[in-house]
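Subject: Handover of a structure and its description

Dear colleague,

Please find the structure below, together with an account of what was found in it. I would be grateful if you kept it open while reading.

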Amino acid sequence: MTAILSASELMAELAGPRPPVLLDIRWQLGGPDLRAEYEAGHLPGAVYVDLDRELAGPPGSGGRHPLPDAEEFGAVMRRAGVSADTPVVVYDGGLGWAAARAWWLLRWTGHGNVRVLDGGLAAWTSAGGGLTIEEPSREGGDFKPSPGAVGLLDADAAASLARTGVLLDARAGERYRGEIEPIDRVGGHIPGALSAPTAENVRPDGRLLPAEELAARFAGLGASGEIPVGVYCGSGVSGAHQVLALEVAGIPAALYAGSWSEWSSDESRPVATGPDPQ
């Protein structure tokens with residue numbers, strides 16, 4: 001099963017005998033939740049899920065978007081109609097970051113059939129898909145999370161992987177280099193990590209590059225799948241999108257969920273600056 005699907009493929013599945021559960025994960029960094037945008041128009045049958053409150057735990061020592069409590073996450077998914085054997089499709093407003101966070105969490109907690117709508121809401125409407133203001137009435141699902149199904153790194157494991165494998169920093173290059181840091185305590189990167197902005201994985205319309213182009217990009221960074229690969233970002237959101245891109249390229253990767261917001265909050269951890277890994 002692929003990690004993404006096109007708008008036309010989603011339309012066909014929704015009209016078929018086993019339509020997927022749809023989750024709307026529209027979100028903006030540092031802003032209010034986008035439930036009002038969902039209420040103004042969403043894919044028919046989609047349930048809104050709030051990233052800050054339902055796909056993350058309270059900010060703190062674990063970072064700005066630490067992993068949510070697994071049981072609380074499971075309850076959110078069940079309320080949305082997710083069962084262990086139901087296909088799930090997640091989408092957002094276009095960047096793909098928030099949808100990828102939901103995709104990764106479902107994968108990490110053991111759901112085996114979850115995909116991201118490539119290009120998000122814009123791809124759907126561009127393909128002629130309609131929107132609705134009607135909120136669906138769904139029966140509760142039976143999904144029970146079982147964490148650990150895909151790779152997860154803590155700070156120490158990320159530091160080790162930067163030395164023994166490939167650790168990719170998914171943030172913008174200027175944040176990696178430490179030239180600016182608009183959010184966290186200090187700028188820079190984990191020593192040994194390679195700059196790999198997730199924005200370079202997508203086309204102008206927000207869809208991911210073809211698998212072969214992604215594979216070539218990651219191979220150029222030393223991530224060919226032959227040695228372990230990990231990803232981090234600012235707080236574990238855009239990093240999930242990088243893991244998604246790696247998955248499309250056929251390269252398994254682990255996510256450092258605490259990411260730079262956790263790493264940089266600990267003054268004992270080393271910080272590298274400039275364009276080079278070290």
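Which residues does Leu 208 touch, not counting residues up to four places away in sequence? The reply comes after a few words on the model and on the chain as a whole.

This is a predicted model, in which local features need pLDDT of at least 70, side-chain atom pairs count only at pLDDT 80 or more, and totals for chains, interfaces and linings use all residues. Residues are numbered from 1 along each chain as its sequence is written, and side-chain values use heavy atoms, with hydrogens and water left out.

**The chain**

The chain has 11 helices and 10 strands; helices (H or I, at least four residues) and strands (E, at least two) are DSSP runs, numbered from the N terminus. Its radius of gyration, taken over C-alpha atoms, is 18 Å, close to the 19 Å that the globule rule gives for 278 residues, so the chain is as compact as a globular protein of that length. The globule rule is 2.2 Å times the number of residues to the power 0.38. Along the principal axes, the C-alpha atoms fill a box of roughly 50 × 40 × 30 Å. Buried residues account for 52% of the 278 residues, where buried means under 20% relative accessible area, exposed over 50%, and partly exposed in between (1.4 Å probe, protein chains only).

**Leu 208**

To return to the question, Leu 208 touches Ile 4, Asp 118, Asn 201, Val 202, Arg 203, Leu 214, His 241, Leu 244, Ala 245 and Val 248; contact means heavy atoms within 4.5 Å. Leu 208 is found in the loop between S8 and helix H9 (211-220), and at 2% relative accessibility it counts as buried.

**Helices H5 and H10**

Two of these partners, His 241 and Leu 244, are also among the residues of H10 that meet H5. Helix H5 (residues 97-108) packs against helix H10 (residues 238-248) at an angle of about 70 degrees, with the axes 7 Å apart. That makes H5 roughly perpendicular to H10. Angles under 35 degrees count as roughly parallel, over 145 as roughly antiparallel, 65 to 115 as roughly perpendicular and the rest as oblique. Axes are lines fitted to C-alpha atoms, for helices over the stretch in contact, and angles run from 0 to 180 degrees between N-to-C directions.

On the H5 side, the residues that meet H10 are Trp 97, Ala 100, Arg 101, Trp 103, Trp 104 and Arg 107. Of the 12 residues of H5, 10 are buried, so H5 is largely enclosed by the rest of the structure. Among the buried ones are Ala 98, Leu 105 and Trp 108.

**Other residues**

Just after H5, Gly 110 takes a positive phi of about 105 degrees. Gly 112 lies in the loop between H5 and strand S5 (114-117) and is exposed, with a relative accessible area of 59%.

Ser 195, in strand S8 (residues 194-195), is partly exposed, with a relative accessible area of 26%. Its C-alpha atom is 7.8 Å from that of Pro 277, although Ser 195 and Pro 277 are 82 residues apart in sequence.

Ser 259 lies in helix H11 (residues 259-263) and counts as buried at 0% relative accessibility. Phi of Ser 259 is near 55 degrees, a positive value in a residue other than glycine. Most residues other than glycine have a negative phi.

Yours sincerely
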